[in-house]
Each structure stands twice: as C-alpha cells, then as structure tokens.
Amino acid sequence: MIVALAPLFLDTDTSEFEDAIVQQCNAAGVGRERVEELLFDVVAPILRSNLGSVAGEWSGFDEAWLLERAARTSRRPWLWRLRQRRIRRALEPQWSRIRERIRP
C-alpha cells in the first residue's frame, strides 16, 4: 500500500497513476479508511517535502528507502498529525477521486 500511494507525491501530473492506485488498494482489501490512514499518517510524513520542492522527484521513489522510512515514521504518528492540514489540502483533488473508487 505504501509504495502504491507514493506517486501522489511526485512532482508531475499524478492523474495518470490514479487507476493503478485504486487497483492496488482494492487488491490489498484493506478498505478506504485504512488506505487514508496510511496515506496521511505514513506516506505523507515521508514524502511531503517533495510536494513543495522546486525541483522535486518526478520519476519515482526508491521502494526500499520508502519502506524503511515508513517503518520508522509509523512509530510516531502523533508528531505528524500536528502538520497534516496543509498536506490534506494539497492532496484533496487527487485523493477525493481515488477515495471514492476504493472499496469501503
């Protein structure tokens, strides 16, 4: 799931990744609430800086690096919740389209 959600943070048009994200989320069978939790509590803290970078990553993120960082980040979700509001606004257009297509 973590790797599937990472393209939302690329410095490019992410709409081309939406179908793949939905398919991977539905295949995992975890439900939209859990996917949203992973997106905002695990993936966003790791990749948020790419959204605001002038020359952000546009081709993809290293999977091993992402999973290693996710293991560390998920132990401190309280710290991230203090900073979520701005990231939620930035991701809202893409996330709302994806969220409605993920099984409950």
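Is R99 buried, partly exposed or exposed? R99 counts as partly exposed, because its relative accessibility is 23%, which lies between the 20% limit for buried residues and the 50% limit for exposed ones. The legends below describe a predicted model.

**View 1. The overall fold consists of six helices and zero strands.** Read along the sequence, the elements follow the pattern α-α-α-α-α-α. The chain has 104 residues, of which 39% count as buried. Six salt bridges are found in the structure, and a search of the whole structure gives one aromatic pair.

**View 2. R99 forms salt bridges with E33 and with E36.** In the bridge between E33 and R99, the closest N and O atoms are 2.5 Å apart. This pair links distant parts of the chain, with E33 in helix α3 and R99 in helix α6, 66 residues apart. E33 counts as exposed, at 52% relative accessibility. In the bridge between E36 and R99, the closest N and O atoms are likewise 2.5 Å apart. Here too distant parts of the chain are linked, as E36 lies in helix α3 and R99 in helix α6, 63 residues apart. E36 is buried, with a relative accessible area of 16%. Through salt bridges that share partners, E33, E36, R88 and R99 are joined into one network.

**View 3. The side chains of R101 and D19 meet in a salt bridge.** The N to O distance is 2.7 Å. R101 lies in the segment after α6 and D19 in helix α2 (residues 18–28), so the pair ties together parts that are 82 residues apart in sequence. R101 is partly exposed, with a relative accessible area of 38%, and D19 is also partly exposed, with 44%.

**View 4. F40 and W95 form an edge-to-face aromatic pair.** The pair is classed in this way because the ring planes stand at 90 degrees, while the ring centres are 6.4 Å apart. F40 belongs to helix α3 (residues 32–52) and W95 to helix α6, so the contact ties together parts that are 55 residues apart in sequence. F40 is buried, with a relative accessible area of 1%, and W95 counts as buried at 3%. The C-alpha atoms of F40 and R88 are separated by 7.6 Å, although these residues are 48 apart along the chain.

**View 5. R48, R85, R86 and R89 form a positive surface patch.** Helix α6 (residues 84–99) provides the largest share of this patch, three residues. R89 is found in helix α6 and counts as exposed, at 57% relative accessibility.

Technical notes
Residues are numbered from 1 along each chain as its sequence is written. This is a predicted model: local features need pLDDT of at least 70, side-chain atom pairs count only at pLDDT 80 or more; totals for chains, interfaces and linings use all residues. Side-chain values use heavy atoms; hydrogens and water are left out. Patches are made of residues with over 30% relative accessible area and no salt bridge: like charges are joined within 9 Å, nonpolar side chains (Val, Leu, Ile, Met, Phe, Trp, Tyr) within 5 Å. Accessible areas come from the Shrake-Rupley method with a 1.4 Å probe; for residues, only the protein chains shown count as cover. A salt bridge is a side-chain nitrogen of Lys or Arg within 4 Å of a carboxyl oxygen of Asp or Glu. Lys and Arg count as positive and Asp and Glu as negative; His and the chain ends are not counted. The place of a charge is taken as NZ of Lys, CZ of Arg, CG of Asp or CD of Glu. Helices (H or I, at least four residues) and strands (E, at least two) are DSSP runs, numbered from the N terminus. Buried means under 20% relative accessible area, exposed over 50%, partly exposed in between (1.4 Å probe, protein chains only). Rings of Phe, Tyr and Trp (its six-membered ring) pair if their centres lie within 6.5 Å; planes under 30 degrees apart count as stacked, over 60 as edge-to-face and the rest as tilted.
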